[in-house]
There are 2 protein chains.
Amino acid sequence: MIGEIIAIGDELTSGRILNTNSRFAAGHLFTAGHEIVAMATVGDTAVEIGSALKRALNRADFVIVIGGLGPTSDDCTNEAVSLALDRPATLHPEILEKIQPEPIDGPDREGHNLEKLAWLPAGAEVLKPESMMAGYLLVHAEKPLFFLPGIPHQMKDLMADRVIPRLALWQGGPARHVIQRVFKVFGLPETEINQKLLHLEEMDEKIRLGYYPVFPDVHVSLTVIDNNTRAAAREKFDHAAQTIQDTLADFIYGADDDSMATAVGRLLLARGKTLAVAESCTGGLIAHKLTSVSGSSDYFAGGVVAYSNGLKEHYLDVASELLEKFGAVSAPVARAMAGGIRRRTGTDIGVAVTGVAGPTGGSREKPVGTVYFGLAAEDKEETFKFHFTGNRRQVQEISAQTGLDLVRRLLLDKISKEK
Amino acid sequence: MIGEIIAIGDELTSGRILNTNSRFAAGHLFTAGHEIVAMATVGDTAVEIGSALKRALNRADFVIVIGGLGPTSDDCTNEAVSLALDRPATLHPEILEKIQPEPIDGPDREGHNLEKLAWLPAGAEVLKPESMMAGYLLVHAEKPLFFLPGIPHQMKDLMADRVIPRLALWQGGPARHVIQRVFKVFGLPETEINQKLLHLEEMDEKIRLGYYPVFPDVHVSLTVIDNNTRAAAREKFDHAAQTIQDTLADFIYGADDDSMATAVGRLLLARGKTLAVAESCTGGLIAHKLTSVSGSSDYFAGGVVAYSNGLKEHYLDVASELLEKFGAVSAPVARAMAGGIRRRTGTDIGVAVTGVAGPTGGSREKPVGTVYFGLAAEDKEETFKFHFTGNRRQVQEISAQTGLDLVRRLLLDKISKEK
């Protein structure tokens, strides 16, 4: 189906905020087999919103409208829809009940504002009535219009859980069998991945590959769309997926909802191993990634953010002579940190990282982006040196991901020495 | 002046690339006093580009078109302009000369492609003829249309060096003076902030407020637009800013580019104090936030991610009796963790957090979202209990922000006991 996306907000037209919502929506619609004919961004003005909506209805099969559904005075999407499509505001008592458990007795100002959330254009069907999220579907001129909140995580949730499935069921053309998987790749540049997979893409027009650099990873989406049978689509898909797996091998750490942290966690659980971390330049980011996974306490003991040399000595038993002789950013110190955290916490594996995240602190021998890693396990101690480019945030992010990747490769017994 | 921005490219409508160009252009135009009525994004299709251009010409005083000026086959902006505005392609020999120092002898494919760059719609004035950058100005229906390359650094260069100055000189309406600030607020819900500031918004139509929930914060933007003098705008702005400051008081932790971590860092530096953290349920997120700021090693020593009880005992001297009697998620343990990290690292302030991030691990007495904080300083030890709602990621995020906010309030001497 052909769709249009309309993003709403003065914060977008004034350039204060980057419009990541439209891009997210476009990407997901595209990989689900739809085509986005245009994307519009308008400010919080009812007239502009209304005319954008009418224009979209004229040329698209469906419309996604994002933003302006909140309770504050600048949110005016619902008002705009009521005016433009002649659908008077209608009270949804089930929403009101949730936001307003007590009946309103007087002119309670706060009540009035939140009550706004319960007034939707006539015909609106709330997308997730069981949640507190705004967002509804309106069928107008036999076309589905989805209105989603501008809060990114809510928009993403509704997009994946409601919009894509509803559109898939919408009457439109012959049956299409769509099978999709996103491969999560770390350690290979996008262009190299593209080169390696080019033959697959050129083989069959029903096989579509998408490359999405999501720093520091590259996500490769495989979509097979077949108008015949589901079995035909499945066969084609399985073959293509196997080709990708064989080609990119252990640069693929997971698929779909996996993150590097869930991939490492799954391996640790399967091997019955525990992990602790000693972080300098990543400053807690590795621990944060690991603990963002529910149930991580089963394999992750914790660690030390040894930002100062004092903490490296006190908590990790790094000898002060080592720090003096080689400097905190060095292979011997990385090795000592990894061994120290493993010994002190009694875990099976210790991983350590020390480097120059920048923008200051670099030198000629150890420029910004120089990062050493240490790995300590029962039978081995290894160190690795990398040189990353990017700003502080990027160096920290890719360093943390590399630290986790080294643990993953250790658990897979696919550790390769110094790069 | 009122403008419209059109971004062109299939990589945008398919969601493969984030549209940072439009945001950059909008931000610069906004601060230069212009208003962006709408932003459009269309794919590499001459018909769509043409109709977007005509629509923009109908409602805006100027138009910025970004992208599709390159030499490859999918770039078709110039063709679209020629068709839509009836301006036949015209050869610019001075461009051809630069890209083609040697005369073309045969049907050289590469030469043909590059030659495309020298054919522009009739009337085009190249913006930076001395450079190799694409980009031109076309005056149509007495309105300036700027065509800029999609390569971000070229677009930015031309935007700053050519577009903004040319627009400033363009005949068009009274001058507008725009002053803007974004207040970063933590600890108050969006609706309550809106209520408190409603009177300010209703006072003067030249004062515009925007409310943006950026979890777990709320950002409040103040914009004053005045058509008279800059001094008048400034006076109005200062008055409104002061009102916001007085109203929201210490719930405002910073402005514009500040984050909670930079605000805390600034205070620590000013007071000459050092900090260390002991994290359980936030799992390194507080340390990560602090160390994402360059120069944080001046006041942040590091800390311990004490995810397991063993690490709480070993690294923070939390007595095992305390853990057994009260449980790891408790005020006495939070207090002991804060005192422990402060003592063991020799810093001035220790902050600790222990709680149930969920989705598992909750109980009737301590449901998911129950989080205890400990603060230890030279002259005081305090604990705080909060109950947060949300998923794991949100509980961790708001807990980390609360931990930093408690340090900020301690440094401001505005700590308030248990909520």
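1. Eight bridges connect strand 10 of chain B with strand 11 (residues 217-226) of chain B, and the two run antiparallel; strands are DSSP runs of E with at least two residues, numbered from the N terminus, and two strands count as paired if DSSP finds at least two bridges between them. Within this pair, G210(B) has S221(B) of strand 11 as its bridge partner.

2. The model is a predicted one, in which local features need pLDDT of at least 70 and side-chain atom pairs count only at pLDDT 80 or more, whereas totals for chains, interfaces and linings use all residues. Residues are numbered from 1 along each chain as its sequence is written, and chains are lettered from A and ligands numbered from 1 in the order in which they are written.

3. The open sheet of chain B has four strands in the order 10-11-9-12, with antiparallel pairing. Strand 10 (207-214) and strand 12 (252-255) of chain B each have a single partner strand and stand at the edges, so one side of each is left without a neighbour in the sheet. From one strand to the next, the twist averages 25 degrees.

4. Strand 13 (residues 275-279) of chain B is mostly covered, five of its five residues being buried, where buried means that 20 or more other C-beta atoms, placed from the backbone, lie within 10 Å of the residue's own. L275(B), V277(B) and E279(B) are buried on one side, and A276(B) and A278(B) on the other.

5. Strand 13 of chain B pairs in the parallel sense with strand 14 of chain B over five bridges, and five bridges also join strand 13 to strand 15 (residues 349-355) of chain B, again in parallel. E279(B) has V305(B) as its bridge partner in strand 14 and V353(B) in strand 15.

6. Between the chains, strand 14 (residues 300-306) of chain A and strand 14 (residues 300-306) of chain B run antiparallel and are joined by five bridges, with V304(A) opposite V304(B). Across the two chains, 64 residues of chain A are in contact with 62 residues of chain B, contact meaning C-beta atoms, placed from the backbone, within 7 Å.

Notes:
A residue is buried if 20 or more other C-beta atoms lie within 10 Å of its own, exposed if 12 or fewer, and partly exposed in between; C-beta atoms are placed from the backbone. Axes are lines fitted to C-alpha atoms, for helices over the stretch in contact, and angles run from 0 to 180 degrees between N-to-C directions.
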